[in-house]
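Let's take a walk through this fold, one contact at a time. Have the model open and follow along.

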Amino acid sequence: MSADDSNLIPTDEHEQLFSQLLERVHTEEVLKKQHYIPITARGYGTRCVPGGVVQYRELVESPTANGRTAKRKVLALDCEMVGVRQAVVDLLTGDVLINKFVHPTNTVRNWCTRSSGITCASMKAAVKDNLALPGWKAAREMLFQHMDSNTILVGHALYNDLNVLGVVHPIIIDTAILTADAVYAPLERPFRRTWSLKTLANDLLGLKIQAGKCGHSALEDAMTTRQILVRCIKSPLILEAWANDLRGKEPPKPKEPVKEEPETDSWVD
């Protein structure tokens, strides 16, 4: 399954786009500031990572590239609330590689249906029909079939998805960070906020997503993240205009208090 024709990237543009994407990968310092967990956090042991049932000691790094097995260069990833749906899309080709229910290993007391689009009944049906992966570890292993340590992972607030899967990965482009940086970098100040995927889809693509009462679709969100990133890379003036408009609405930077020199008597050397 692939993206629709309107969102296909011509094959002869793949290498150039890949090079442009490599230039937008976030530094380790930026990722740490934006809630990404380093592999050294395994030292926290049996405590659970934020937003999931995965214990810190269960975190694993993405597979090391071996040069023998060809993996995908760039993947867009989304996991829905409570980790019950996983979608993975090849950013360059638009191929849908994974679009699966994930049967939770823990007891789910709230399916967050309004956000996840999943009900207890739909999950039971998926398990009965053998359409659900048996837990987050199986979802992680399926993801690793398509990627290695050299793959660029793309997502929106992607640390949430990685936490659900217990994955630590060094090469990341997060559309929440990318777009917030476009607003705040010229102001030379930390992010005051980031913008939701729904807002970015509306503002940068003119798309209405996450509409209706059926909740989010992991596949729709992964595809939309892909489109937003491609738009930002291939049409930088659109991103710049969007950021300029929002920058003009930001409150002025507080003035730093003037440090007054202590008074001294004229007779003191």
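A salt bridge here means a side-chain nitrogen of Lys or Arg within 4 Å of a carboxyl oxygen of Asp or Glu. Keep in mind that we're looking at a predicted model. By that definition, the structure holds nine salt bridges. One of them pairs Lys73 with Glu15, whose closest N and O atoms are 2.6 Å apart. This one ties together distant parts of the chain, 58 residues apart: Lys73 sits in the loop between strand S1 (60-61) and strand S2 (74-79), while Glu15 belongs to helix H1 (residues 14-23). As a rule, side chains of opposite charge can pair when their charged atoms come close.

Now for the sheet. It is open and built from six strands, which line up as S5-S4-S3-S2-S6-S8 with mixed pairing. Which strands are at the edges? Look at S5 (132-133) and S8 (172-174), each of which pairs on one side only. At the S8 end, strand S6 (residues 152-155) runs parallel to S8, and three bridges join the two. Gly155, for instance, is found opposite Asp174 of S8.

Stay there for a moment, as a helix packs on this part of the sheet. Helix H7 (residues 175-184) touches S6 and S8, and its direction makes about 60 degrees with that of S8.

H7 and H9 pack at about 35 degrees with their axes 10 Å apart, and their crossing is left-handed. H7 brings Thr175, Leu178 and Thr179 to this contact, and H9 brings Thr225, Ile228, Leu229 and Cys232. By class that gives four nonpolar residues, three polar and no charged ones.

H9 (residues 218-234) also packs with helix H8 (residues 197-205), at about 45 degrees and with the axes 10 Å apart. That angle makes H8 oblique to H9. Here, too, the crossing is left-handed. On the H8 side you'll find Leu197, Leu200, Ala201, Leu204 and Leu205, and they meet Asp221, Thr224, Thr225, Gln227, Ile228, Arg231 and Cys232 of H9. The residues of this contact come out as seven nonpolar, three polar and two charged.

One more neighbour of H9 is left to visit. How do the axes of H9 and helix H10 (residues 236-247) cross? They come within 5 Å and cross at roughly 100 degrees, so H9 and H10 are roughly perpendicular to each other. Arg231, Cys232, Ile233 and Lys234 from H9 meet Pro236, Ile238 and Leu239 from H10. This contact has five nonpolar residues, no polar ones and two charged.

Conventions: Residues are numbered from 1 along each chain as its sequence is written. This is a predicted model: local features need pLDDT of at least 70, side-chain atom pairs count only at pLDDT 80 or more; totals for chains, interfaces and linings use all residues. Side-chain values use heavy atoms; hydrogens and water are left out. Two strands pair if DSSP finds at least two bridges between them. Helices (H or I, at least four residues) and strands (E, at least two) are DSSP runs, numbered from the N terminus. Contact means heavy atoms within 4.5 Å. Axes are lines fitted to C-alpha atoms, for helices over the stretch in contact, and angles run from 0 to 180 degrees between N-to-C directions. Angles under 35 degrees count as roughly parallel, over 145 as roughly antiparallel, 65 to 115 as roughly perpendicular and the rest as oblique. A crossing is left-handed if the near helix is turned anticlockwise from the far one by less than a right angle, and right-handed if clockwise. Ala, Val, Leu, Ile, Met, Phe, Trp, Tyr, Cys and Pro count as nonpolar, Asp, Glu, Lys and Arg as charged, and the others, Gly among them, as polar.
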